[in-house]
Amino acid sequence: MLSPRQGLLRPVGCGVEELRRRRREREAALRRARREQQLVSKRLLRDDTPEEAEGGSVASILGEAEIQQFLWLAQRGTEEKEREGALVSLRRGLQHPETQQTFIRLEGSMRTLVGLLTSNHALLQLEAARCLHELSHSEQSEVAEACLPATSYLLTYLAGHSSDLIELCLYTLGNLIVESEAGRRQLLPQGIVPALASCIQSPHLPVLEALGYALSQLLQAKEAPKKIIPSVLASSIPQHMLRLLQPGPKLNPGVAVEFAWCLHYIICSQVNNALLITHGAVSTLGLLLLYLAGSVQSPEDAGLELLVCPVLRCLSNLLTEEAVEAEGGQVQLRDERVVVSVFILLQFLLQKHPSLLPEGLWLLNNLTANSPSICTSLLSLDLIKPLLQLLPVSNVVSVLVLTVLCNVAEKGPAYCWHLWPGPLLSSLLDTLALSDTDVVGQSLELLQLLFLYRPEAAQAFLQQSGLQALKRHEEEAQLQDRVLALQQTALHR
Amino acid sequence: MQLPPAVHARLAAGPGAAEPLPVERDPAAGAAPFRFAARLVRFPREHEFFEEGDVQRHLYLQDVLTGVAGVPERPRVPEFTCQMAGCCQVFDTLEDYEHHYHTLHRNVCSFCKRAFPSGHLLDIHILEWHDSLFQVLSERQDMYQCLVEGCTEKFKTSKDRKDHLVRHHLYPGDFRFDKPKKAKGPASPVAAMQVPTEAVGDDGDTMEVCSDHMTPPPEPVGEKRTSRHRIPSTICFGQGASRGFKSTKNKNKHQ
């Protein structure tokens with residue numbers, strides 16, 4: 001599992017407050033980017049090597065002459081160490097945007113670098129690959145695009161056997177993929193999908209994680225549903241992805257996270273989810289859900305947390321496919337352990353990532369909507385009360401909780417019989433005190449079902465000043481009709 | 001959020017579904033002005049519902065910095081030499097040795113000792129360069145396979161194959177692992193990668209650098225270079241080789 005480490009990007013002497021502020025800034029930038037549908041992130045692999053950390057600051061910017069010098073030495077130096085050292089120096093300099101710009105403007109520099117990449121010197125090759133990787137990570141698109149001549153070689157090396165080199169090539173490719181559509185337009189005919197399909201059979205975990213990253217970038221592309229996902233689905237990649245998501249002692253969190261996101265991008269593009277279902281996606285994801293619920297409770301398995309979000313999304317979307325029924329997915333998901341797992345994960349999300357609660361509740365909606373069995377489980381396992389405890393979190397969460405409760409209530413008197421007496425009614429009265437129209441509207445829907453199937457609840461409602469609670473919303477355009485209908489129903493019982 | 005204690009026990013127990021309570025709907029349920037209907041919900045790719053989780057995913061991507069592009073901390077071992085005949089490279093980490101081996105010794109042609117990046121390219125090389133039957137057959141049928149994995153096209157000549165690589169697969173015209181077999185002597189740069197058994201240091205032929213023109217770079221000059229009448233002598237292109245992607249070349253230079 002890749003563990004976050006402070007890299008060279010963090011200046012020395014940075015306080016905690018400063019870090020928090022930067023994180024908030026980055027988060028805000030990411031949100032803006034997502035709203036503009038420009039959400040792009042690259043992965044940079046760089047380590048705090050002892051020499052670099054010593055000075056407390058990054059390497060200095062290189063000028064043209066220095067770059068030429070290093071390139072010349074790398075090509076023509078007589079001593080092995082001298083040649084490698086030259087490339088190492090170049091690489092460090094390339095951490096600077098200015099050096100990157102100088103480099104790409106220098107005639108023939110990329111050509112020379114590619115020459116070094118394809119040379120018969122193993123360590124020079126690796127260093128050259130690291131230089132390329134640095135460049136690929138640049139935020140300046142012309143720098144990253146200058147790396148495009150190297151892609152056919154990067155792909156060629158994916159079929160090789162040096163896992164160090166393959167890993168580097170994959171991360172570099174991932175960065176280039178996300179950089180530009182021009183890059184992707186080149187990589188697809190160059191055979192990136194078959195290359196990935198071969199490479200995914202590697203037993204090396206770092207390679208697999210890198211591959212998952214590169215693939216996730218490819219699948220996130222705007223044109224992916226039309227131009228990329230069909231060929232990915234036609235390859236052996238989906239089966240391998242599901243294999244790598246199988247829960248058990250062999251499950252590697254870092255690898256699994258990448259492929260879970262890959263699966264999400266494929267599924268939510270709705271190209272051919274039926275195919276994934278025939279490959280056993282529902283089964284694998286269901287088992288994985290149980291596994292995650294079991295592990296979030298123990299602190300050692302911290303890496304698995306990152307799997308929760310994509311797994312919830314994949315299952316929720318897959319449940320909407322007709323093919324699920326055909327493959328027996330419905331039967332498997334009726335297993336009580338599934339709904340129990342969802343609740344355990346909801347509890348976990350409430351503690352750690354409350355903003356992700358809607359995702360868990362979405363799954364709960366899709367599980368309960370058409371399943372009397374699962375609704376019965378909610379009642380028999382005494383899960384209504386914990387669900388109600390989520391109401392105060394936010395309006396979005398409230399609406400989802402109320403929707404799930406409606407899913408239960410709409411199944412008829414046998415279900416509503418278990419909903420009252422109980423904490424539900426007073427929770428509803430509380431929600432009626434709110435002003436959010438969606439929340440109140442959903443509360444009214446639930447009340448209608450409750451009054452219809454459990455008339456005694458209407459009486460209790462009246463006794464608990466329900467009419468006054470309703471009155472508040474008499475003027476609200478979106479609620480009026482329903483408020484009136486409920487008032488009449490309550491009074492005439 | 002407090003879960004009933006039985007819940008955790010339930011997770012640990014075996015599979016099992018609840019016997020559903022009887023379903024009995026009244027047509028008045030969800031009737032106007034009400035509108036509720038139990039419904040499966042599906043969110044497409046760009047839906048704003050995914051914003052939160054997507055942002056967190058990208059924070060993770062941005063946060064993770066690990067040691068690959070730098071030299072990772074690897075345990076050092078007592079120095080040892082590569083055991084392959086004629087190779088005297090020395091190592092002090094297993095990973096460096098592994099990379100060396102895979103790069104230089106793994107996919108080596110037993111006939112001419114050239115090393116290739118992958119088994120796939122090695123196989124093609126052996127077939128085309130060392131298999132006499134290949135020459136015979138190629139006169140009658142298309143035998144030159146496309147180099148791209150997953151492409152099953154075959155061609156009559158290696159030139160046709162190269163054209164296909166360039167036009168269909170957008171490969172560079174001077175792809176280094178597609179050198180045509182030349183009948184001429186050893187002086188010509190034919191090798192994809194040469195690994196002569198004697199010396200590991202010689203790689204003059206692998207890169208299309210004009211080996212005769214190499215001179216050390218000039219001392220840094222004070223003035224700023226604003227025009228590029230002199231190509232720096234250290235950097236030189238292969239004759240007539242295509243430039244591949246033209247992105248930031250100096251506008252003065254005629255392309």
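User: In chain A, among contacts between residues at least 6 apart in sequence, what share joins residues at least 24 apart?
Analyst: It is 73% in chain A. Contact means heavy atoms within 4.5 Å. This is a predicted model, where local features need pLDDT of at least 70, side-chain atom pairs count only at pLDDT 80 or more, and totals for chains, interfaces and linings use all residues. Residues are numbered from 1 along each chain as its sequence is written, chains are lettered from A and ligands numbered from 1 in the order in which they are written, and side-chain values use heavy atoms, with hydrogens and water left out.

User: And what's the figure for chain B?
Analyst: For chain B, residues 24 or more positions apart account for 26% of the contacts with a separation of 6 or more.

User: How many helices and strands does chain A have?
Analyst: Chain A has 32 helices and zero strands. Helices are DSSP runs of H or I with at least four residues, strands are runs of E with at least two, and both are numbered from the N terminus. Chain B has six helices and four strands. Their order along the sequence is α-α-β-β-α-α-α-β-β-α.

User: New topic. Where is A:E359?
Analyst: A:E359 sits in helix α23 of chain A, residues 357–368.

User: Why does A:E359 count as buried?
Analyst: Because its relative accessibility is 2%.

User: Which residues does A:E359 touch?
Analyst: Leaving aside neighbours within four places in sequence, its contacts include A:C309, A:L312 and, from chain B, B:F49, B:F50 and B:G53. A:R313 is also on that list.

User: What joins the side chains of A:E359 and A:R313?
Analyst: A polar contact of 2.7 Å. That is a pair of N or O atoms within 3.5 Å; within protein, one must be able to donate a hydrogen and the other to accept it, and residues adjacent in sequence count only if both atoms are side-chain atoms.

Notes:
Buried means under 20% relative accessible area, exposed over 50%, partly exposed in between (1.4 Å probe, protein chains only).
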